[in-house]
Amino acid sequence: MAKGGKSPKGKKITLNVAKNCIKITFDGRKRLDLSKMGITTFPKCILRLNEIDELDLSRNMIRKIPDSISKFQNLRWLDLHSNYIDKLPESIGQMTSLLFLNVSNNRLTTNGLPVELNQLKNIRTVNLGLNHLDSVPTTLGALKELHEVGLHDNLLTSIPAGISKLPKLKKLNVKRNPFPKPDESDMFVDSIKRLENLYLVEEKDLCSSCLQKCQQARDKLNKIRSMAPSAPRKAIFSNLVSPNSTAKESQEEWRLRSPSTS
């Protein structure tokens, strides 16, 4: 503790420090990694580095994310987990390039999640686990590209049907929430697993031309399967001492028959 009982000030991040923390990922993306640096205030100097693709501010002591974060228009990956954030700015909805957002292990409440989250039309992964959410914003149901959603370790008593019915959702973690029925979290997980084993449409939902194409493709596949041999045939080289012996003999015969050159 500093003199007077005040908490020690967090580390100040300068533009030069930030530039030195830019790393190139294995797929060629620019990642600004400022994790675990004791930062207490969002370093606004990094807004000048708006060409980065990924930003990691996790495991710090940041309490507020400014509206100006929307200047990162190219940002695809934003990790803010393990801070003291209780509210996300409305401007986050303008970051339409985002594919990954991790704000787990913060102090977020349902009121701290802006409606503008529904503008993140390309986002695939959202982790809201380990917060203080007592309900899930229905706006998440508008994010049709979502593959993974983390809602574990909150105060949830129900999950909107629109979440588990997202068309591309593969993983939904709702464990350790106070659901009325102990097995309710497993029910949501099972509903997601079953999606992987179901056809996306039924025959009755297809137009006649599409149905005909599907049936033709199915018939062709069945025909190929029926024609396939039950076991692979093994080549028999009973007259060969080595695989290339015949080729060698033919080559010698060709040489004998070839006219000599002067």
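Student: In which loop is Lys36 found?

Tutor: Before we place any residue, please keep in mind that this is a predicted model. Lys36 is found in the loop between β2 and β3, the latter spanning residues 54–56.

Student: Is Lys36 buried or exposed?

Tutor: The idea is to compare the relative accessible area with a cut-off, and a residue is called exposed when that value is over 50%. Lys36 has a relative accessibility of 58%, so it counts as exposed.

Student: Which other residue has a positive phi although it is not a glycine?

Tutor: Ser82 is such a residue, with a positive phi of about 60°, and its place is in the loop between β4 (77–79) and β5 (100–102). Here the cut-off for burial matters, which is a relative accessible area under 20%; Ser82 has 17% and is therefore buried.

Student: How should I read the sheet, and in what order do its strands lie?

Tutor: Strands of a sheet pair through backbone hydrogen bonds, either parallel or antiparallel. In this model eight strands form an open sheet in the order β1-β2-β3-β4-β5-β6-β7-β8, and the pairing is mixed. The strands β1 (22–24) and β8 (171–173) stand at the edges, and because each has a single partner strand, one side of each is left without a neighbour in the sheet. On average, and with direction ignored, neighbouring strands of this sheet are turned by 10° against each other.

Student: How do β1 and β2 run, parallel or antiparallel?

Tutor: They run antiparallel and are joined by three bridges, with Ile24 standing opposite Lys30 in β2. The two strands form a hairpin that has five residues between them, and in its turn Gly28 has a positive phi of about 85°.

Student: In what sense do β2 and β3 pair?

Tutor: That pairing is in the parallel sense and extends over three bridges, and the bridge partner of Arg31 in β3 is Glu54. Further along the sheet, strand β6 (residues 125–127) and strand β7 (residues 148–150) also run parallel, joined by three bridges, and there Asn127 stands opposite Gly150 in β7.

Student: Where is Asp33 found, and what does its side chain contact?

Tutor: Asp33 is found in strand β2, which covers residues 30–33. Its relative accessible area is 18%, so Asp33 is buried. The side chain of Asp33 makes a polar contact with the side chain of Ser35 at 2.7 Å. If residues up to four places away in sequence are not counted, Asp33 touches Cys21, Lys23 and Asp56.

Student: How many residues does the largest nonpolar core have?

Tutor: In soluble globular proteins, nonpolar side chains tend to be buried together. The largest nonpolar core of this model has 51 residues, and those with the most contacts inside it are Leu32, Leu34, Leu55, Phe72, Leu78 and Leu151. For Leu32, leaving aside neighbours within four places in sequence, the contacts include Ala18, Ile22, Ile46, Leu49 and Leu55.

Student: Where is Leu151 found?

Tutor: Leu151 is found in the loop between β7 and α2 (161–164). Its relative accessibility is 0%, so Leu151 counts as buried. Among its contacts, with neighbours within four places in sequence left aside, are Leu128, Leu133, Val136, Leu156 and Leu172. Leu151 and Ser135 are 16 residues apart in sequence and 9.9 Å apart in space, taken from C-alpha to C-alpha.

Student: How many helices and strands are there in the protein chain?

Tutor: The protein chain has five helices and eight strands, and their pattern along the sequence is α-β-β-β-β-β-β-β-α-β-α-α-α. Of its 262 residues, 36% count as buried. The chain exposes about 17,500 Å², of which carbon and sulfur atoms supply 52%. Finally, among contacts between residues at least 6 apart in sequence, 35% join residues at least 24 apart.

Key. Residues numbered from 1 in each chain as written. Predicted model: local features only at pLDDT ≥ 70, side-chain atom pairs only at ≥ 80, totals over all residues. Heavy atoms only, no water. Helix = DSSP H or I, 4+ residues; strand = E, 2+ residues; numbered from the N terminus. Buried < 20%, exposed > 50% of the residue type's maximum accessible area, 1.4 Å probe, protein only. Polar contact = N/O pair within 3.5 Å; in protein donor to acceptor, adjacent residues only side chain to side chain. Contact = heavy atoms within 4.5 Å. Pairing = 2+ DSSP bridges. Axes fitted to C-alpha atoms, helices over the stretch in contact; angles between N-to-C directions. Core = buried A, V, L, I, M, F, W, Y, C linked by side-chain atoms within 4.5 Å. Areas by Shrake-Rupley, 256 points an atom, 1.4 Å probe, with all protein chains shown as cover.
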